[in-house]
Amino acid sequence: MDRRTFLKAGGAGTFLAAAGLAWAQTRSNPLPIFPLNDVTGGFDERIQLNLNAAAHDFGSGAASKTLGINSNYLGQVLRVKQGQTLPFDVVNGIGEVTTIHWHGLHIPGDVDGGPHQEIEPGHTWAPDVPIRQNAATTWFHSHMHGKTAEQVYKGLAGLMLIEDDASMSADLPQTYGVDDFTIVLQDKVFDDDGTMSYFLNGETFEDGFLGDTLVINGTIAPAVQNVPSGLIRLRILNACNARFLTLKMAHGPLTVIASDGGFLASAVETEDLIISPGERYEVLVDMSTLETNSLTVASFPGYGRLFRLLAQFINEQIPETSVLTLSRTGEKGFTGSMPRRLANLSPARADEAKVTREFTLNMGESDELATLAANWGNFCGEGMGMGINGQPMKMDRIDQRARLGQTELWKIAAEEEIHPFHVHGCSFRILRQESHDTVSYAQGWKDMVPVQNGKAEILVRFDHEAPDHAPYMYHCHILEHEDCGMMGQFTVS
Ligand code: C2O
Ligand code: CU
Ligand code: CU
């Protein structure tokens, strides 16, 4: 069997395809810049989010059926400010039931937009969302149980940049679309006719849906962007359904300044940055001397049975693909220097925890798990089941009850594979990961932690209430795993 046949036989789980077998572009598209809806200066009316069924050309020359938020694919970027209460009108025009969850926001359960806050087609959901937390790059997306993976894949997601007084006066690049870019990375499969496709089978449930073509801000990678000289800020979201990505620059390091929940204590230089589905990192790239530099992406090598098998079979490095080339113009841009101190972050102290909870993420073909998952309305492949502590998600069961304002230690383990674990309603600190100390760029505020071998330990605290009828979720952010039941619910009171 030659390599190509083997890759084809492998189905979707073949990132190598991005190196030339799938819809890799031979020339670069301009980087799409999402329209900005900046309400930091205030707003006169309710903020309208229209969820649309639409069509979008990813650069393949064909129109794909997509979903979008005030847009044909993905959303506008919302820029908001700490202290505001945002009056949203979320209008469901997609023709099927959905929800919109505010991922990374510290807000009460009844406006969190989880699976209990369904919006029927043609209806409007009108939550008032209080922004009390510090500056952070957050996002919002469908959380319709059993449909999350498909709806997000089709484009039902957008970004919210939270600012505060400190971030707006910080000596950092912050001119949107000039030296401050919002980057959404996804992997897709395109059919021979160039239309985007999504399909589920045993493998796509087990590994999550893995595409063979990288897409950046809704266009097939690579993309190119002209930038002024100086520091350039990239706010990066991994919005893949299931794929972990390793980010690098072609020249020089990445300087990480923020993670999911806001600024790090000080800037962290790294050669490579692993970003899991659902995670956000903000990085600075120095474009004061280089003519061009490229953001490159490789697939995280540890993930997926098929991927490991393939890597072994062809005995080859996982290819790095350039996704974004920054090209310096003659203009002078942000003239400040690389920051050192960014925020006051107290050390995460495990001894403050009043309660310890343990979670084990389960997946497999055991009849019990599969039967329970199916009976409780989870969406799984045939004979597949997923759960946490032996229990697939059940909409009318509360799994944990947390006390308002109390610090807790959560220990999370996985039976197999790697899972990006997410908790609603808070930001947390990672104490340990894989039985090691936390990597330096993940020591700040997070709402995601990858769990693989060994326990991950996080320190959480909830400052808002989540009642029985509107509980928070904790779950794996591989969206097919979430839909299949690797999710639980908790209240805060
Ligand atoms: Cu981004 Cu519960 O999800
Ligand atoms: Cu969330
Ligand atoms: Cu998972």
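View 1. His101 is buried, its relative accessible area being 1%, where buried means under 20% relative accessible area, for a 1.4 Å probe and protein chains only. In this predicted model, local features need pLDDT of at least 70, side-chain atom pairs count only at pLDDT 80 or more, and totals for chains, interfaces and linings use all residues. Through their NE2 atoms, His101 and His422 coordinate the copper ion (ligand 2) at 1.9 Å, donors being N, O and S atoms within 2.8 Å of the metal (3.2 Å for Na, K and Ca), and water is not among the atoms, so the site may look incomplete. His101 belongs to strand β8 (residues 101-103) and His422 to strand β30 (residues 419-423), 321 residues apart; strands are DSSP runs (E, at least two residues), numbered from the N terminus. His422 also counts as buried, at 1% relative accessibility.

**View 2. Tyr474 and its aromatic partners.** Trp410 and Tyr474 form an edge-to-face pair, 5.7 Å centre to centre with 80° between the planes. Rings of Phe, Tyr and Trp (its six-membered ring) pair if their centres lie within 6.5 Å, with planes under 30 degrees apart counted as stacked, over 60 as edge-to-face and the rest as tilted. Because Trp410 lies in strand β29 and Tyr474 in strand β35, this pair ties together parts 64 residues apart in sequence. Phe421 and Tyr474 form a tilted pair, at 6.1 Å and 35°.

**View 3. A charge over a ring.** The charged end of Lys188 sits over the ring of Tyr153, 4.0 Å from its centre, the criterion being NZ of Lys or CZ of Arg within 6 Å of the ring centre and within 35 degrees of the ring normal. Residues are numbered from 1 along each chain as written, chains are lettered from A and ligands numbered from 1 in written order, and side-chain values use heavy atoms, without hydrogens or water.

Conventions:
Helix = DSSP H or I, 4+ residues; strand = E, 2+ residues; numbered from the N terminus. Buried < 20%, exposed > 50% of the residue type's maximum accessible area, 1.4 Å probe, protein only.
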